[in-house]
Amino acid sequence: MTTTPRREPAAPPGPDQSDELVVAAERLVDNIGTVIVGKADVVRTAVIVLLAGGHLLLEDVPGVGKTMLSKALARSIDGSMRRIQFTPDLLPSDVTGTSVWDPATRTFEFREGAVFGNVVVGDEINRASPKTQSALLECMEERQVTVDGTSYPLQDPFMVVATQNPLEMEGTYPLPEAQRDRFMARVAMGYPSAEAEAAMLREHGGTDPLADLLPVTDVKQVADLVATVRTIYVAPAVEEYAVAIATATRTSSRVRLGASPRATLHLVRAARARAALERRPYVLPDDVAALAASVLTHRLLLSPDAVVAGWQAADVVREILAEVRVPEPGR
């Protein structure tokens with residue numbers, strides 16, 4: 001019988017790498033914070049998703065800064081940004097690209113679609129048809145586009161930041177489970193505090209806050225930082241803790257569809273990025289617990305009884321975190 005050799009864990013980042021990561025991440029958070037006032041937690045989560053190599057879903061009412069956050073993130077990393085306004089008449093080829101006949105060379109030439117950018121902003125993603133929404137499935141998971149049997153790699157880094165409005169649901173198409181599962185985290189912007197809203201009026205009342213926003217890093221450094229985050233150490237006990245949380249969502253009587261193995265992988269990757277921002281070369285159970293709601297809630301489908309009883313996915317995740325045993329220190 002043959003056995004598969006055990007892979008040794010990657011070496012944790014050295015002091016220089018950790019310092020570079022923290023400084024670059026803090027610059028990103030501070031820079032975006034000049035545009036998105038009073039939402040430090042939301043901005044921090046967006047940066048965590050970027051450094052973890054994931055995609056972000058922003059869901060909230062109109063006018064709270066969802067698209068503004070997406071644009072500020074793209075400008076801060078000095079990368080190419082593509083914006084797609086999802087509408088019912090949008091076609092999959094508008095997203096991925098298409099082959100166009102060139103009479104001069106008598107060959108088909110590939111014309112890139114809007115998805116070929118470092119940060120792709122999908123505005124009101126639930127207003128496009130499921131056929132068009134599915135054009136992002138391969139892009140988000142495999143970082144490539146296949147047209148007419150030929151695969152074209154996307155840029156590195158590559159991040160989709162999609163927005164959707166939970167109101168005005170007439171004429172919209174809810175994201176299917178397979179599409180939602182590809183987003184590492186979902187964040188609700190929420191209304192700002194009275195102080196933050198007053199500061200926004202003073203600072204941005206007569207100007208466009210994005211007009212003067214300058215990049216604080218570049219795409220090469222971001223790609224290096226993503227690779228560095230992947231070397232953050234995760235102890236077996238912490239891995240078991242993440243698996244236990246995901247398993248609990250699948251066995252809960254309040255849940256009809258629980259978290260997928262991809263969700264567990266995303267949870268650990270996001271926890272690595274959070275640990276790095278906390279200046280630690282290892283992940284704590286607190287990192288996993290702190291991100292569980294953002295990573296898991298949009299993937300859960302509640303049972304009919306739970307819906308009738310008024311339960312929300314976030315309530316279920318909080319209940320699971322209270323029940324799952326936290327690993328003891330040193331394990």
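**Interior briefing**

A52, V229, R230, R269 and R272 line the largest cavity. The model is a predicted one.

**Cavity**
- The structure holds one cavity of 30 Å³ or more.
- The space in the largest cavity is about 30 Å³.
- Three charged and two nonpolar residues make up its lining, with no polar residue.

**Nonpolar cores**
- In soluble globular proteins, nonpolar side chains tend to be buried together.
- The largest nonpolar core here has 74 residues.
- I32, L51, L56, L69, V283, V288 and L296 touch the most other members of that core.
- Helix α11 (residues 261-277) gives this core its largest share, nine residues.
- A second core is separate and has 24 residues, including L57, A135, C139 and M140.
- Beyond its neighbours within four places in sequence, V283 contacts I232, Y233, V234, V238, A271, R272, A275 and V288.
- Among these contacts of V283 is R272, which also lines the largest cavity.

**R299**
- Is R299 buried or exposed? R299 counts as buried because its relative accessibility is 5%, and the cut-off for buried is under 20%.
- The R299 side chain reaches the backbone oxygen of F183 at 2.8 Å.
- A polar atom of the R299 side chain also lies 2.6 Å from the backbone oxygen of V295.
- Leaving aside neighbours within four places in sequence, R299 is in contact with D181, F183, M184, L257, G258, A263 and H266.

Notes:
Residues numbered from 1 in each chain as written. Predicted model: local features only at pLDDT ≥ 70, side-chain atom pairs only at ≥ 80, totals over all residues. Heavy atoms only, no water. Core = buried A, V, L, I, M, F, W, Y, C linked by side-chain atoms within 4.5 Å. Buried < 20%, exposed > 50% of the residue type's maximum accessible area, 1.4 Å probe, protein only. Helix = DSSP H or I, 4+ residues; strand = E, 2+ residues; numbered from the N terminus. Contact = heavy atoms within 4.5 Å. 1 Å grid on protein atoms, 1.4 Å probe; cavity = no way out; pocket = protein on both sides within 12 Å on 5 of 7 lines; lining within 4 Å. Points joined across faces, edges and corners; volume = space filled by probe spheres on them. Nonpolar A, V, L, I, M, F, W, Y, C, P; charged D, E, K, R; others polar. Polar contact = N/O pair within 3.5 Å; in protein donor to acceptor, adjacent residues only side chain to side chain.
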